[in-house]
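Reader: I would like to learn how to read such a model feature by feature. Could you take me through it slowly, with the general idea placed ahead of each case?

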Amino acid sequence: MTFSIHGLAVARGIAIGKAVLVASSRVDVAHYFIEPAQIASELARIDQSRQAVMLEVQRLQKLVPKDAPPELSALLEVHLMLLQDELLAEGVKHWVTDRLYNAEWALTSQLEVVARQFDDMEDAYLRERKGDLEQVVERLLRHMKGLPTSLPQPAQRKPGTWQQDQLLDDSHDVPLVLIAHDLSPADMLQFKQSVFTGFVTDVGGKTSHTAIVARSLDIPAVVGARNASHLVHQDDWVIIDGDAGVIIVSPSPIILAEYAFKQRQAQLERERLTRLRHTPSVTLAGQKIQLLANIELPEDAAVALSVGAVGVGLFRSEFLFMGREGELPGEEEQYQAYRRAVEGMKGLPVTIRTVDVGADKPLDRTSKDEAHLNPALGLRAIRWSLADPSMFLSQLRAILRAALHGSVNLLIPMLAHTREIHQTFVLLAQAREQLDKKGVAYGAVKVGAMIEVPAAALNLPVFLKYFDFLSVGTNDLIQYTLAIDRADEQVAHLYDPLHPAILQLVANTIAQGAAAGKDISLCGEMAGDPTLTRLLLGLGLRQFSMHPTQILRVKQEVLRADAGRLAAWAQRVMAAEDPAAEMLVP
Ligand code: PEP
Ligand code: MG
């Protein structure tokens, strides 16, 4: 039966494919495809864990005191049986061999299959054995991660979503879409090179970092789809409408045909836009507008160039730091990465932002610190860097060294206090001294600050005094000004770039920057939204930094814009009680 699920549209376009579900586990696991040559070693990894956990359970059995309740021994016996269970072992083998899932993903996928069967059992005692199965799988996952394997509490898991008979369908050619409860930004990066043609997550807001990475992949995505990962079954046919934020499950042939048509239209539109690649980005009056790229990895420089970006306005360096199980990249590794980005841009400027982890960008899957209830207000971005000077110094040295290979700007995220500015410059001077002492060559950099905390936007003279340029981070500026967690889909309807307070802060930053003769760019998601291009031009913005995928759409708007006439209109929009309604007035 066809049904639809509504979420938030985050990356445009239509994807049609079979659903691949990523189960969420209490032990966060990596999900990636392996090469066929790795099948044997991946299976061996699972087997080693199985043997080790069996030994551990047997050891526990010996430790059970004689007077312990008989249930305890019975429980361990059940765990041993499950570890040797054929259905579990064969199923896991299927996911690894036929679908090329990594070991952890295969285990959680098979867990969902078997858990579903337990759910269907009439006998209450047997039904409850699902909890044991979950504990066993979690023991295995923990062993693979090098964590202690004993699990103090019974597992709690949502009902499974797999159909056993669908296991047999292992066709490699059909397009696949990924459905998950949640994906970390690091997970999304892993999927960057993957086969998925669309993404859906239950949670997340429009400017959550998961959504941002999805947008950079330029494939249709919907986040905040609440219980999609419950409602969609493995291998269901799914349409993801990334423009409308809708997922259509098990579509009828008529609906499928309609969306296939829409998909072709979108493809034609893309092809038409690529013709603008070499067209200079100027308004009707000939005003030059710089369209820069936001990138996550050095390799993204090639995409940026391919769409005619005139530089990188935001290299989110934190993606080099993520998913490494706490082992941070050293100076040399970072230097090589920054150098690759700089050389990749072939002489065009690259703005490297110092690491901005925390909030919805945990370093790795295990470091989500639930004890900190407000991570967005916690030790994030420059605060994190200043709390660990030796880590920060090694990043600064790496960036300074990369500046020898091209035009590099250094950008500092989330500054609010004047003393943070001073501390940053002290450490920058120290980084230069350290390089001097070692006789290591480095280049000149311009230093800029992100304006993404209201305290910074309301204290611009200090920022304009110390920095060469400013970059407005509207994603966070909106989050912190409107008190809306950007990653929380429950308050997504309140996340409003057109709120008068936001427009005033943005307009004021642009105006004060222009008066001080400093470059002001905007690198939040607003910059890449073509429906806002005219407004931002009217407010005086001349540098936009966005996902490479958005550049041509925004350029199209720039080419049609009469920036002179837009200025008065933009002032009216900003002054309106309801700017969104005023936007519609020509
Ligand atoms: C922003 O906050 O607007 C920004 C560009 O930084 P990030 O999205 O990485 O927080
Ligand atoms: Mg930010």
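Reader: Let me begin with one residue: is Asp235 buried or exposed?

Author: The model is predicted, and what follows should be read with that in mind. Burial is judged from relative accessible area, with anything under 20% counted as buried. Asp235 has a relative accessible area of 8%, so it is buried. The residue lies in the loop between α8 (228-231) and β7, and its phi is near 70°, a positive value in a residue other than glycine.

Reader: Where is Ala483 found, and is it buried or exposed?

Author: The cut-off on the other side is 50%, above which a residue counts as exposed. Ala483 has a relative accessibility of 68% and therefore counts as exposed; it is found in the loop between α17 (474-482) and α18 (500-515). Ala483 also has a positive phi, of about 55°, although it is not a glycine.

Reader: Turning to strands, how many residues of β4 are buried?

Author: One can count the buried residues along a strand and then look at the direction in which each side chain points. In strand β4 (residues 176-180), 5 of the 5 residues are buried, so the strand is largely enclosed by the rest of the structure. Leu176, Leu178 and Ala180 point one way from β4, while Val177 and Ile179 point the other way, and all are buried.

Reader: How many residues of β3 are buried, and which strand is joined to β3 in an antiparallel arrangement?

Author: In β3, 9 of the 9 residues are buried, so this strand is largely enclosed by the rest of the structure. The antiparallel partner of β3 is strand β7 (residues 237-241), joined to it by 5 bridges, and within that pairing Gly17 stands opposite Val238 in β7.

Reader: How many aromatic pairs does the structure hold, and how is such a pair described?

Author: The distance of the centres and the angle of the planes describe a pair of aromatic rings. The structure holds 9 aromatic pairs. In one of them the rings of Phe33 and Phe196 have their centres 5.5 Å apart and their planes at 35°, so the pair is tilted. This pair links distant parts of the chain, 163 residues apart, with Phe33 in the loop between β3 (14-22) and α1 (39-63) and Phe196 in strand β5 (residues 196-201). Phe33, at 26% relative accessibility, counts as partly exposed, whereas Phe196, at 5%, counts as buried.

Reader: What kind of pair do Phe315 and Tyr338 form, and which residues do ring pairs link into a cluster?

Author: Phe315 and Tyr338 form an edge-to-face pair, with 5.9 Å from centre to centre and 80° between the planes. Because Phe315 lies in strand β10 (residues 312-316) and Tyr338 in helix α11 (residues 331-344), the pair ties together parts that are 23 residues apart in sequence. Both Phe315 and Tyr338 are buried. As for the cluster, ring pairs link Phe33, Trp95, Tyr101, Trp105, Phe196 and Phe199.

Reader: Which rings have the charged end of an arginine sitting over them?

Author: Here one looks at the position of the charge relative to the ring centre. The charged end of Arg401 sits over the ring of Tyr335, 4.0 Å from its centre, and that of Arg534 sits over the ring of Trp569, 4.9 Å from its centre.

Reader: Which residues come nearest to ligand 1, and how much of the ligand does the protein bury?

Author: Of the 17 residues around ligand 1, Arg316, Arg353, Gly473, Asn475 and Arg486 come nearest. A polar side-chain atom of Arg353 lies 2.8 Å from an oxygen atom of ligand 1, and a polar side-chain atom of Arg380 lies 3.2 Å from an oxygen atom of ligand 1. Thr474 contributes through its backbone, with an N or O atom 3.1 Å from an oxygen atom of ligand 1. Taken alone, ligand 1 exposes 290 Å², and the protein buries 100% of that.

Terms used:
Residues are numbered from 1 along each chain as its sequence is written. Chains are lettered from A and ligands numbered from 1 in the order in which they are written. Side-chain values use heavy atoms; hydrogens and water are left out. Rings of Phe, Tyr and Trp (its six-membered ring) pair if their centres lie within 6.5 Å; planes under 30 degrees apart count as stacked, over 60 as edge-to-face and the rest as tilted. Helices (H or I, at least four residues) and strands (E, at least two) are DSSP runs, numbered from the N terminus. Buried means under 20% relative accessible area, exposed over 50%, partly exposed in between (1.4 Å probe, protein chains only). A charge sits over a ring if NZ of Lys or CZ of Arg is within 6 Å of the ring centre and within 35 degrees of the ring normal. A residue is near a molecule or strand if one of its heavy atoms lies within 4 Å of it. A polar contact is a pair of N or O atoms within 3.5 Å; within protein, one must be able to donate a hydrogen and the other to accept it, and residues adjacent in sequence count only if both atoms are side-chain atoms. Accessible areas come from the Shrake-Rupley method with a 1.4 Å probe; for residues, only the protein chains shown count as cover. Two strands pair if DSSP finds at least two bridges between them.
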